[in-house]
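Colleague: I would like to learn how to read a few features of a model. Could we go through them in turn?

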Amino acid sequence: MEAPLSTFGEITVTIVKSSRTSWTGLLFVLPFLIVFIAMIVIPLIWGIYLSLHKVDLFGPGRFIGLENYVRLFSNKIFLQTVINTFYFVLLTVPALTLIGMGLALALNKESPVQNIVRGIFFSSTVLSVTVVTLIWRIIFIPNDGLMSNIFTAMDWQPIAFLSDPNWSLISVAIATIWWCIGLPMMLFVAALQQIPSDLYEAAAIDGARKWQRFYYITLPSITRTIILVIIIEIVMQFQLFGQALLMTQGGPNNSSRSIVMFIYDAGFRRWDVGTAAAASQILFLLILVAAMAQFFVSRKKGASQ
Amino acid sequence: MSHLNQASASEVCVRSPEKSISWLQNFGMWLANNKLLLVLIACSLLMLAPFLWTVGLSLKSNQELMLGASAVFHFPYTLNNYADIFQNSQVFRWLANSLIVSIGMTFWVLILSSLAGYAFARLEFPFKKIIFVIILMGLAVPEQAVIMARHQIFSALEMHNSYVGLILPGLSAPFGVFLMTQFFKAIPPELDEAATLDNANKFQIFWYVLLPLTLPAQATLGILTFLTSWNDYFWPLISATEQEMYTLTIGIASSQQNFAQSEGLGFLASQAIFSALPIILVYIFFQKHIVTAVAGGGVK
């Protein structure tokens, strides 16, 4: 690649860039643009339209304004799923961020062992939700699962992980953390490798302790990555669906039902299309707000420093 | 044991040249010097435990597991559970469906993204800025926000339960366009200018001169798309309602609805391992590329 580059460089011909706009470029963009409009733009607008109508199955529907939204906010099950989803985000995102950072700090060396361990912690990321939930359901089976065997061996009080309403969402969160830990870890590893090593050398000369080096050098250098990881994970975990559906079917007693599960049930099991569309717009807004709030917080912090 | 002694031997040279140290002391010293390593190995085992447990169960007969899962720790082991999976003729159909959908989606995403990326990076055309911004905003739209309307469109066009129906929504993800735009921008423009002198048209420049240089980006985008498509659960669950059109992810999930009752524990475990196997093999061979691609894709 180097050789042809330099020969091209020697031909010093100034090409006057044709400033007139041509439609050729649009032709290149067109294939993607058509799919994008058909699969995202139109469905998004139509989704908002649907959310303002009373629609069942494929009937044309009747305009009812914001009634779908109003009814949602007095729907106990929907409110429960909103609370569950926030609780789930609270269970998973801090854990993913902290464990991911801890792993990255421990694995931030280029040695064969560290490479292998990194590979192991990333491996679960490539599995499908079906595989992950199957594995964890087998782990959580009462009486005979790995967990209950461990609890028996330790002489602890057994926990009905998937059928106790207090534990169902926590169990789903544990499986999710196991599944998703690879990405935050690798993002942190990448960030740590960007920190110039002479910073640490200078600190060592000044006699800085290990925790001082972490607090004054490492932490400020990876602040951006921490915020990034939190945003990515909030947006991802807000969309909890497959794990809860396959591990607990949202139960017991809706204790692990998420917003996306509500949309799925309303839209594709009860065919209450209008309600489902309204709920999906609310989810869309929540995700947007979560991401924006995070950006806002990060910018404020940066300004005050 | 030998590598252990080697490690401790090098430590001994540094610390004390005496030869009369017993191996217990050696070992103790090695432990003290490798605390982090030991913690890492312990953590890895903890991480792998769910997977290893499932592998163990999958190799035991269902009858033996009825008596207790601790049977996992001793012989005899058997492959019967895997043989039972193949009794279900649908499994290979699902595997083939997954391959067709994933490869098809990857192929078309690469083509559409490259074409659009080249235009946004190199060409001037009307409405370029506004089109780019609209696509940029598309990144913020979660799949659930469009799912109801998308389902109705596919119903109206009778495209559910078809490969096109499974592939098409995946082609609208804006991420690939951004990745390719950035990558095309990074290629020195002198290359195009030289090709223009040779009377090459825009498409020839794109196809013969620039596209071969974008191979690393194609690999990243290709791996990401393939993985996403292979593991996708939401859209196939909604669109593929006939068993013959299930992907592996949907099929395996559907075939274990009556969990732990009708089917034995060993059989369930073998299903998990069987459906994990293709992607684990891909991961082992392409680990470096996959990690780079996913970590790079995370920072959209």
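Colleague: Among contacts in chain A between residues at least 6 apart in sequence, what percentage join residues at least 24 apart?

Modeller: The model is predicted. In chain A, 70% of the contacts between residues at least 6 apart in sequence join residues at least 24 apart. Chain A holds 15 helices and 2 strands, and 40% of its 305 residues count as buried.

Colleague: How many residues does each chain give to the contact between chain A and chain B?

Modeller: An interface is often sized by the accessible area lost when the parts come together. Here the description is by residues: 76 come from chain A and 82 from chain B. On the chain A side, helix α2 (residues 24–51) supplies the largest share, 17 residues. By class, that side of chain A has 57 nonpolar, 17 polar and 2 charged residues.

Colleague: How should I read a pair of helices from the two chains?

Modeller: For two packed helices, one gives the angle between the axes and the distance between the axes. The axes of α6(A) and α3(B) come within 10 Å and cross at roughly 80°. An angle of 65 to 115 degrees counts as roughly perpendicular, so α6(A) and α3(B) are roughly perpendicular to each other.

Colleague: Which residues meet where α6(A) and α3(B) are in contact?

Modeller: From α6(A) they are I135(A), W136(A), I138(A) and I139(A); from α3(B) they are P50(B), F51(B), W53(B), T54(B) and L57(B). The contact of α6(A) with α3(B) is made of 8 nonpolar residues, 1 polar residue and no charged ones.

Colleague: Which residues of helix α7 of chain A are buried, and what covers them?

Modeller: In α7(A), residues 146–153, the buried ones are L146(A), M147(A) and S148(A). Their cover includes α6 (129–140) of chain A and α3 (35–58) of chain B.

Colleague: Where in chain B is N161(B), another non-glycine with a positive phi?

Modeller: N161(B) lies in the loop between α8 (143–156) and α9 (163–167) of chain B, and its phi is about 55°. N161(B) counts as partly exposed because it has 16 C-beta neighbours inside 10 Å.

Colleague: How does the length of helix α9 of chain A agree with its number of residues?

Modeller: At 1.5 Å a residue, the 13 residues of α9(A), 182–194, should span 18 Å. The end C-alpha atoms of α9(A) are 19 Å apart, which agrees. The buried residues in α9(A) include G182(A), L183(A), P184(A), M185(A) and F188(A).

Colleague: Which domains does the assignment give for chain B, and how many residues of each are in contact?

Modeller: The domain assignment of chain B gives domain 1 (2–83) and domain 2 (88–298). In chain B, 10 residues of domain 1 are in contact with 9 residues of domain 2. On the domain 1 side, the elements giving two or more residues are α3, α4 (62–66) and α5 (80–87) of chain B. The largest share, 4 residues, comes from α3(B). By class, this side of domain 1 of chain B has 4 nonpolar, 5 polar and 1 charged residues.

How values were computed: Residues are numbered from 1 along each chain as its sequence is written. Chains are lettered from A and ligands numbered from 1 in the order in which they are written. This is a predicted model: local features need pLDDT of at least 70, side-chain atom pairs count only at pLDDT 80 or more; totals for chains, interfaces and linings use all residues. The expected span of a helix is 1.5 Å times one less than its number of residues. A residue is buried if 20 or more other C-beta atoms lie within 10 Å of its own, exposed if 12 or fewer, and partly exposed in between; C-beta atoms are placed from the backbone. Two residues are in contact if their C-beta atoms, placed from the backbone, lie within 7 Å. Ala, Val, Leu, Ile, Met, Phe, Trp, Tyr, Cys and Pro count as nonpolar, Asp, Glu, Lys and Arg as charged, and the others, Gly among them, as polar. Domain bounds come from an automatic or database domain assignment. Axes are lines fitted to C-alpha atoms, for helices over the stretch in contact, and angles run from 0 to 180 degrees between N-to-C directions. Angles under 35 degrees count as roughly parallel, over 145 as roughly antiparallel, 65 to 115 as roughly perpendicular and the rest as oblique.
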